Amino acid sequence: MEYRRMTAADMARLWELQLAYKAEIGEDQPTEEDKNRLQSAIEGERILFYGAFDGAEPVGCCSVTVGFSTFLYAPSGVFEDFYIRPAYRHKGVARELVQFARANSGVSSLTVGCADCDVDMYKALGFSIPLGNLLAFDE
């Protein structure tokens, strides 16, 4: 298995994973406009994607959006877009991908917001420090 940062050059492969992820969790399929906005964000390095590859085949991805935390006065990251193709689950790919993203994103801290049903999975992957509640602004 190879782990590496994905760039705009990987957009076709990344988009396949995005579509599979959205389908699996029951969300609406993203549009071509969504794809273009994602590609622009990747090109502008507003979001960093990391992938797990079995040869040339992408089998998993995740993203880290980098910000800055005054808790440590250093870059911090928000972990999202986590998806591993079903055939590659429970084989250590997820753990390796998370560790690779953490080590290569340049962040000093990494947080994730998730559904209650995913808490144990994220704890098993190393997200073990509770930080209270994560709330989203209602538009």
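The model is predicted.

**Stop 1: the whole chain**

Show the cartoon. The chain holds 4 helices and 5 strands. Trace the sequence, and the order reads β-α-α-β-β-β-α-β-α. The radius of gyration is 15 Å, close to the 14 Å from the globule rule for 139 residues, so the chain is as compact as a globular protein of that length. Along the principal axes, the C-alpha atoms fill a box of roughly 40 × 35 × 30 Å.

The accessible area of the chain is about 8700 Å², and carbon and sulfur atoms own 51% of that. Of the 139 residues, 35% count as buried. Turn to contacts next. Among those with a separation of 6 or more, 58% join residues 24 or more positions apart.

**Stop 2: Y21 and Y83**

Display the aromatic side chains. Ring centres within 6.5 Å make a pair, and by this rule there are 8 aromatic pairs. Select Y21 and Y83. Their ring centres are 6.2 Å apart, with 65 degrees between the planes, and the pair is edge-to-face. Which elements does this pair link? Y21 sits in helix α1 (residues 11-25) and Y83 in strand β4 (residues 74-84). The two residues are 62 apart, so distant parts of the chain are linked. Is Y83 buried or exposed? Its relative accessible area is 5%, so Y83 is buried, the cut-off being under 20%.

**Stop 3: F79 and Y122**

The ring centres of F79 and Y122 lie 6.3 Å apart. Their planes meet at 80 degrees, so this pair is edge-to-face; the cut-off for that class is over 60. Check the cover on each ring. F79 is buried at 1% relative accessibility. Y122 is buried too, with a relative accessible area of 9%.

Ring pairs join F79, F82, Y122 and F127 into a cluster.

**Stop 4: R4 and F53**

Finish with a charge and a ring. Select R4 and F53. The charged end of R4 sits over the ring of F53, at 4.1 Å from the ring centre.

How values were computed
Residues numbered from 1 in each chain as written. Predicted model: local features only at pLDDT ≥ 70, side-chain atom pairs only at ≥ 80, totals over all residues. Heavy atoms only, no water. Phe/Tyr/Trp six-rings, centres within 6.5 Å; stacked < 30°, edge-to-face > 60°. Buried < 20%, exposed > 50% of the residue type's maximum accessible area, 1.4 Å probe, protein only. Lys NZ or Arg CZ within 6 Å of the ring centre and 35° of its normal. Rg over C-alpha atoms; globule rule 2.2 N^0.38 Å. Contact = heavy atoms within 4.5 Å. Areas by Shrake-Rupley, 256 points an atom, 1.4 Å probe, with all protein chains shown as cover.
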